[in-house]
Every structure is written in C-alpha cells, then in structure tokens.
Amino acid sequence: MVLEIFGYAFMQKGLIAGAAIAVICSLMGTFLVLRRYSLFGDALSHMAFGGISVGLFTGVYPLWTAYVVSILGALGMTKLRKSTKISGDAAIAVLLVSGFGVGVLLISATGGFSVDLFSFLFGSILLISNEDTMLILAISAGVITSLVVLRKPLLHFTFDEEQAKVGGLNVDRLNYVFVIIAGVTVITSMRLVGILLISALIVLPNITSMLFGKGFKHTVLISMSIAIFSVVFGIVLSYYLDLAPSGTIVMLSVAILVGTLTAKYLGVIGKTPILKTI
Amino acid sequence: MKALEVADVSISYNGSLAIDKVSFDVNEGDLLGIVGPNGAGKTTLFRAILGLQGYTGVIRLFGYEAKKYYPLLPLIGYVSQKVNFEPNFPATVSEVVAMGLLSEKKLDKISTLLQKNGYSWNRVYSKLDKNSEKVLEALKTVNLDSLKDRRIGQLSGGELQRVFIAKALVKDPILMILDEPVTGVDVDTQTKFYNVIKKINEENKITIVWSSHDLEAIAKLANRVACMNRQLFFHGQKEEFFSNKDLLKTYTESAMQMHMHHH
C-alpha cells in the first residue's frame, strides 16, 4: 500500500524534483547561514514575488520574470551594501519589502489573486509538469556543479574574507557569482515550498547539521541528508494525511531540529554540551 | 637579495597621516621585529604591503612593484592580530589549514616570476603530492598534528594562532607577516609560539616581519629591529637598537603612555 503512491506520475515528478531542490537548498544554505545571510533567501523570494507579478501583468511566463527581477535585485543589493555601508540585515529588509511591494501593486492592477499566484506563494510541487521537472533537474545540476567547482574559494571566503583576498581571490567577483547562484537556487526552489517558506529549506537542515560538531565536509553531508529526508518523507506523509506538502516538509525539518537539540542537550550527540555552544 | 622594499610610503586615514614617509628594506632570511606603541600604524603598514590598503610611495616584493604584480601577493603569509570567525564554524583544523593552499596555476605563475628576478624558493609543503600531506606537514611544523580533526572552535587562543600560522605556511610563503600574533595568551603558549617562529625562519628559510610589544622576545629572536610611530625612528641591527639606551627609553615611555591611555 505504501508503494502504491510511487506509481503515480505526479508523485514521481514531485519526489525527484523535490530531492533535487533539497540538495541545492542545503548546499547553498551552508554558505548563506555561515555568512549570516540566513534571510537572504526570504528577500530573494519576495523579490521573486514582484517578478512573478510583472510576468502576470505583462503576460510573460512568470518564472522567467521572477529569475530576472530577483537576480537583478540581489546584485543591486550587494552593490548597495558595498557602496553605502548599509548593514546586511537592513539591506535584506529593503530588498524584501520593495519586491513584495511591487508584487502587491501589480497584482491589484492585474485583477487580484489567482490560483497561479497561490501556487507560487505556498508551493505546488505535486502540480508540476514534465517540462518543469526537467528544468528543475537541469538547473539543480548547474547549481551543484558550480558549487562543487567553487567550493574551496567559497569556503575560504566564507571563513575569512580578508584572508581569502590576501590568498589571491577576487573577492568582489566571487561575491557577485555567489549572489547569482543563490538567486537561481531560491527561484528554482520556490516551486517546492513556496515563496513564504523558502528560508526553512535553506536554514533548518544547516543549523541542525552544525549541531553535530563535525567538520565542513561532514556537516554538508549531514545537512543534505536531513534536507532530502524531510522533503521525501514530507511529501509522502502529506499525501497520506491529506495535508499541504510544503507545510509538512517545513514542520518535519523543524521537528528534526528540535529532536537534535534535545539529543544534544541530553549529551547523546556532539562532543560539547549545548550550553557551551550556544 | 631584498625580499621587501618599502620606499617613502605614506598613508592618510580620514585626513590625518597614519604613516609618514616610511622607508626600510628587508633582506631574504631576515627576522625583523617591528616595535611601536598601539596606534603607531603597524597594522596599516602591513595592510598596505598586502594590497588591502591604498598608499603613496613604492612597495616592492621580490624586486617587483607590489601594486602591479598582485599575483605575487599570495606568496606572503599573513597572520593578523585577531581573526574574526564564527566560533561555531563547522570546519576542522585540517580543513582550515587547507584553505591556505594555492592552486597549481597560481604556484606556477609565482614560480616563473620569482625565477625571472633570481629569487630562490624553498618549497617544503607545496612540493608534496597530496593536499592532505601538505596540510599534515604544515601542522607538524607548528606541533598541532594531533589536533588535526578537532573542530576549530574548540581550540585555545594560542592553538588557534598556530593553526593560522600553518594555514599561512602551507603555500610555502617567502615572506611572513605576523601582526602581534600572541597578544593576550599566557607565557607558556608564547614560548611555544616563539619556537615556531624561530623554526620557520631557520629551517624553512622564510623571511619574517613581525610586530610585537614583547621586547624580550624580539631581543631573543629577531636579527633586525624597526621602531616606528607614524614615522620610522630606527631601523637596523638588533644589537644597535638594544644598546641605544636613549632610543629604548623613549620607546618604553611612549609605549607606557599609550598603554595607560588605552586603559
């Protein structure tokens, strides 16, 4: 009976695309969380909301306008932050509200909320087409390849930007590349949990895996495993319990975090007790 | 051969001069101790040498003008006073040291540039085959190989500084710049650290520029001394500096004043 659901084409597509998204979000999330950019995903996805509304307003495929608007917004923010010394969290807030503001404005002009819009807000992984699945897989492959190729400079740059510069890295260029990859990751992942919950996939598996007290490589692997587990198990669970997949996935990730914190508190995992690390 | 030449370098900071026409040379193999009160501009000068800070005047590295030959900058090992990193950063000691590795492409470029100007390059770690071997050997040099799998946040301040030395060391720098590397650690830890400095200067043949408030340690380890406070007051052999009572007195007094001022 459990196996029966894997026979449905929509379920297969959802699970495959979902797993790919889990991988890219957790990989990208490692760098975002460590650079204290945890809410950057949120800002990007709100910007994407603006982008989607531009698409719906002009009749262009909304996903494309979402990519363009959020990447431009993110690059603009990086530039803004560098040249005006506006702090990181404030810059994220500017990006977030301006994206969402444009969205609300254009949607009211287009004639209100539609089903399409709802699926972007809350995710619609089980409604995606074959083309969408292929697109998600292709983009995920690109994101994974870029991150694997850039893993050493990215790690050094995340650990200590100044030392990375002294080590001969073009830090400014790397920062722009990083922001573009982050943008692509977030927009691609919106289909799974929606604009409003995207940060969960970026942040939760990573802060959970960092509690294990391992090195970088192991932390990344643990985070990826947690993300894949939450997404796959979340989709299956949501089907049987007749709940929204996005909410189920997110709450499953929260449960894993709480469970890990408890285990750490009790001294089951990690070398140092939690009171010392937090 | 001169590893580093600083000629007429001035740096202004918010309208005031932080460094005023400083000139000195560092020969290959030197261990130069730079002394001067807090706020004397030592860190600013180091940042200029590393290409992190604009300046007027000329800085030459291995015979090349540093501004034009930035591919040579990675050949400087730099350990700053304080490294701000997230204490929970999920990286092991080995992983942090491995961040210091340079790509083969960069090493080749550097090697060609050095040969052109007739500099010899003593490659200890970068000639090894595997990255893991390079990292392990660098950790052995600073006596931290037993902690290689430890998470970085679990180390003491003194151990951390030695990890950062290993990270700077693993690419076989010709010149190491150490900016007050052992401020605020206990005497035992300092001694261990000074032994490492001596070892990499003598065995790895790395030229070292080292700023410190510890005159005793400088008297013991350095062969040359520079004394600065915005301007350069003295640059020469260690013996000359320590036998010049007037200079020593002025230095100690100004350092004391600055110290009192800070507290």
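Leaving aside residues up to four places away in sequence, Ala182(A) touches Met28(A), Leu32(A), Phe40(A), Leu44(A) and Ala74(A); two residues are in contact if their C-beta atoms, placed from the backbone, lie within 7 Å. The structure is a predicted model, in which local features need pLDDT of at least 70, side-chain atom pairs count only at pLDDT 80 or more, and totals for chains, interfaces and linings use all residues. Residues are numbered from 1 along each chain as its sequence is written, while chains are lettered from A and ligands numbered from 1 in the order in which they are written.

The largest nonpolar core has 148 residues, and the members that touch the most others are Met28(A), Ala48(A), Ala182(A), Val97(B) and Ala166(B). Helix H1 (residues 9-34) of chain A supplies the largest share of this core, 12 residues. A nonpolar core is here a set of buried Ala, Val, Leu, Ile, Met, Phe, Trp, Tyr and Cys residues joined through C-beta atoms within 7 Å. A residue is buried if 20 or more other C-beta atoms lie within 10 Å of its own, exposed if 12 or fewer, and partly exposed in between, with C-beta atoms placed from the backbone.

## Chain A

Chain A contains 13 helices and 0 strands. Helices (H or I, at least four residues) and strands (E, at least two) are DSSP runs, numbered from the N terminus. The C-alpha trace of chain A spans about 55 × 55 × 30 Å along its principal axes.

Of the 278 residues of chain A, 47% count as buried. Among contacts in chain A with a separation of 6 or more, 71% are between residues 24 or more positions apart.

## Strands of chain B

Strand S3 (residues 31-35) of chain B is largely enclosed by the rest of the structure, because 5 of its 5 residues are buried. Leu31(B), Gly33(B) and Val35(B) point one way from S3(B), and Leu32(B) and Ile34(B) point the other way.

S3(B) is joined by 4 bridges to strand S8 (residues 207-211) of chain B, and the two run parallel; two strands pair if DSSP finds at least two bridges between them. Gly33(B) has Trp210(B) as its bridge partner in S8(B). Another 4 bridges, again parallel, link S3(B) to strand S9 (residues 224-229) of chain B, where Leu32(B) is partnered by Arg224(B). S9(B) in turn runs antiparallel to strand S10 (residues 231-237) of chain B, with 6 bridges between them, and Ala226(B) has His235(B) as its bridge partner in S10(B). S9(B) and S10(B) form a hairpin with 1 residue between them, and Arg230(B) in the turn has a positive phi of about 65°.

## Helix H1 of chain B

Helix H1 (residues 42-49) of chain B is mostly covered, with 6 of its 8 residues buried. Those residues are Lys42(B), Leu45(B), Phe46(B), Arg47(B), Ala48(B) and Ile49(B). Gly51(B), which follows H1(B), has a positive phi near 80°.

## Interface and confidence

Across the interface, 21 residues of chain B are in contact with 17 residues of chain A. The side of chain B that touches chain A has 14 nonpolar, 3 polar and 4 charged residues. Ala, Val, Leu, Ile, Met, Phe, Trp, Tyr, Cys and Pro count as nonpolar, Asp, Glu, Lys and Arg as charged, and the others, Gly among them, as polar.

The model scores ipTM 0.86 and pTM 0.88. Chain B has a mean pLDDT of 87, and 95% of its residues reach 70 or more; pLDDT is the predictor's confidence in each residue, from 0 to 100. Within chain B, confidence is lowest in helix H9 (residues 245-262), at a mean of 67, and highest in helix H2 (residues 93-98), at 96. Where pLDDT is low, the predicted coordinates should not be read in detail.
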